[in-house]
Amino acid sequence: MEAITIIIVVALLIEAVVETIKMTIEGGIKWQNIAAAVLGILLAYFCHIGIMAALGIDVPMLVDVLITGILLSRGSNFISDLFDKIKGGTIQLALEPVEESE
């Protein structure tokens, strides 16, 4: 992955994790949110799922599992939207080679 792509992807992941934590705290800590986060983290750990590893970004496994688990706790629609952002137009447009004029 190109360096600029990694920076953009990490920024999107940080935003997603912070928003998830913010929604949990501001909405009042509910057992459903905690259960979803714990289940997401456990599944990420035991199934060896890591979003950073899948994107080719090298981080310690524990960090990858925590990030992945928190993101998984948001559900499939959220994950799908996140991947659309990561693989969608913004990043691809930023990385398209610019043809030099003669």
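Q: What makes the 16 residues of the largest nonpolar core a core?
A: In this predicted model, the set qualifies because a nonpolar core joins buried residues of nonpolar types through side-chain atoms within 4.5 Å. The largest such set has 16 residues. L13, I51, L55, L71, L82 and I86 have the most contacts inside this core.

Q: Which elements give two or more residues to this core?
A: They are α1 (3-26), α3 (51-54), α4 (61-72) and α5 (76-87). Five residues come from α1, the largest share.

Q: How do you know that L82 is in contact with residues beyond its neighbours in sequence?
A: Contact requires heavy atoms within 4.5 Å. With neighbours within four places in sequence left aside, L82 is in contact with L12, L13, A16, I51 and L71.

Q: What share of the contacts in the protein with a separation of 6 or more comes from residues 24 or more positions apart?
A: Such residues account for 71% of those contacts.

Q: Why is I29 called exposed?
A: The relative accessible area of I29 is 61%. The cut-off for exposed is over 50%, so I29 is exposed. I29 is found in the loop between α1 and α2.

Q: What makes I21, I25, I29, I34, V38, L42, Y45, F46 and M61 a nonpolar surface patch?
A: Members of a patch need over 30% relative accessible area and no salt bridge, and nonpolar side chains are joined within 5 Å. These residues make a patch of about 920 Å². Both α1 and α2 (31-46) give two or more residues to the patch, and the largest share, five residues, comes from α2.

Q: Which residue with a positive phi follows α2?
A: H48 follows α2, with a phi near 55°.

Q: How many helices and strands does the protein have?
A: There are six helices and zero strands. From the N terminus on, the order is α-α-α-α-α-α.

Q: What percentage of the protein's 102 residues is called buried?
A: Buried means under 20% relative accessible area, and buried residues make up 27% of the 102 residues. The protein exposes about 7,100 Å², with 64% of this area supplied by carbon and sulfur atoms.

Definitions and conventions. Residues numbered from 1 in each chain as written. Predicted model: local features only at pLDDT ≥ 70, side-chain atom pairs only at ≥ 80, totals over all residues. Heavy atoms only, no water. Helix = DSSP H or I, 4+ residues; strand = E, 2+ residues; numbered from the N terminus. Buried < 20%, exposed > 50% of the residue type's maximum accessible area, 1.4 Å probe, protein only. Areas by Shrake-Rupley, 256 points an atom, 1.4 Å probe, with all protein chains shown as cover. Patch = residues over 30% accessible without salt bridge, like charges linked within 9 Å, V, L, I, M, F, W, Y side chains within 5 Å. Salt bridge = Lys/Arg side-chain N within 4 Å of Asp/Glu carboxyl O.
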